[in-house]
Amino acid sequence: MGNIDQIKSKIKKLYETDPHIHVEIKISRPKGVTDPIFAMITNVYPNFFCIEESSCGCVKKHTVRYAEILTGQVHVLELE
């Protein structure tokens, strides 16, 4: 995927152009199941960015560190 600076610039560009993204977050579940969710980037900071999603019917806010994209814990489909 590259280094953290490349990821930061791509996330910032997404935030400025079209903040609606598709995210897969790996959660500790049996067999490493990941659920793709539709989310919106709400803020971008130097060490993390914030997303909002409503996959369960209520709005949830999450923070995502750029390092989580490098380690594969979070997968943003629009970065490919």
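Among contacts in the protein chain between residues at least 6 apart in sequence, 38% join residues at least 24 apart, where contact means heavy atoms within 4.5 Å. This is a predicted model, in which local features need pLDDT of at least 70 and side-chain atom pairs count only at pLDDT 80 or more, while totals for chains, interfaces and linings use all residues. Residues are numbered from 1 along each chain as its sequence is written, and side-chain values use heavy atoms, with hydrogens and water left out.

**The whole chain**

Begin with the protein chain in a cartoon view, where 2 helices and 5 strands can be found; helices (H or I, at least four residues) and strands (E, at least two) are DSSP runs, numbered from the N terminus. Followed from the N terminus, these elements come in the order α-β-β-β-β-α-β. If you switch to a surface, the chain exposes about 5300 Å², of which carbon and sulfur atoms supply 53%; accessible areas come from the Shrake-Rupley method with a 1.4 Å probe, and for residues only the protein chains shown count as cover. Of the 80 residues, 25% are buried, where buried means under 20% relative accessible area, exposed over 50% and partly exposed in between, again with a 1.4 Å probe and protein chains only.

**The nonpolar core**

Now select Ile11, Ile21, Val23, Phe49, Ile51, Ile69 and Val76, which touch the most other members of the largest nonpolar core, a group of 16 residues. Such a core is a set of buried Ala, Val, Leu, Ile, Met, Phe, Trp, Tyr and Cys residues joined through side-chain atoms within 4.5 Å. Two or more residues of this core come from each of α1 (4-17), β1 (20-26), β2 (34-44), β3, α2 and β5 (74-76). In soluble globular proteins, nonpolar side chains tend to be buried together.

Stay with Ile51 and show its surroundings: leaving aside neighbours within four places in sequence, Ile51 is in contact with residues including Ile21, Val23, Ala39, Ile41, His62 and Val64.

**Strands β3 and β4**

Next, colour β3 and strand β4 (residues 60-65), which run antiparallel and are joined by 6 bridges; two strands pair if DSSP finds at least two bridges between them. Which residue in β4 is the bridge partner of Glu53? The partner to select is Lys60, and one can then look at Glu52, which stands opposite Lys61 in β4. Between the strands of this hairpin there are 6 residues, and Gly57 takes a positive phi near 100°.

Glu52 itself belongs to strand β3 and counts as partly exposed because its relative accessible area is 25%. Apart from residues up to four places away in sequence, Glu52 touches Phe38, Ala39, Met40, Thr42, Val59, Lys60 and Lys61. The C-alpha atoms of Glu52 and Ile41 are separated by 6.6 Å, although these residues are 11 apart along the chain.

**Aromatic rings**

Show the side chains of Phe and Tyr next. Rings of Phe, Tyr and Trp (its six-membered ring) pair if their centres lie within 6.5 Å, and planes under 30 degrees apart count as stacked, over 60 as edge-to-face and the rest as tilted. By this rule there are 2 aromatic pairs. The rings of Tyr45 and Phe48 have centres 4.9 Å apart and planes at 35°, so this pair is tilted. Tyr45 is partly exposed at 36% relative accessible area, and Phe48 is also partly exposed, at 29%.

The other selection is Phe49 with Tyr66, a tilted pair with 5.6 Å from centre to centre and 35° between the planes. This pair links distant parts of the chain, since Phe49 sits in strand β3 (residues 48-53) and Tyr66 in helix α2 (residues 66-71), 17 residues apart. Are Phe49 and Tyr66 buried or exposed? Both are buried.

**Cysteines and the last stops**

Select Cys50, which is buried at 13% relative accessibility, and Cys58, which is partly exposed at 41%. A search of the whole structure finds 0 disulfides, a disulfide being a pair of cysteine sulfur atoms within 2.5 Å.

Move to His20 in strand β1, which is partly exposed at 35% relative accessibility.

Leu79 and Lys10 are 69 residues apart in sequence, and their C-alpha atoms are 7.0 Å apart in space.
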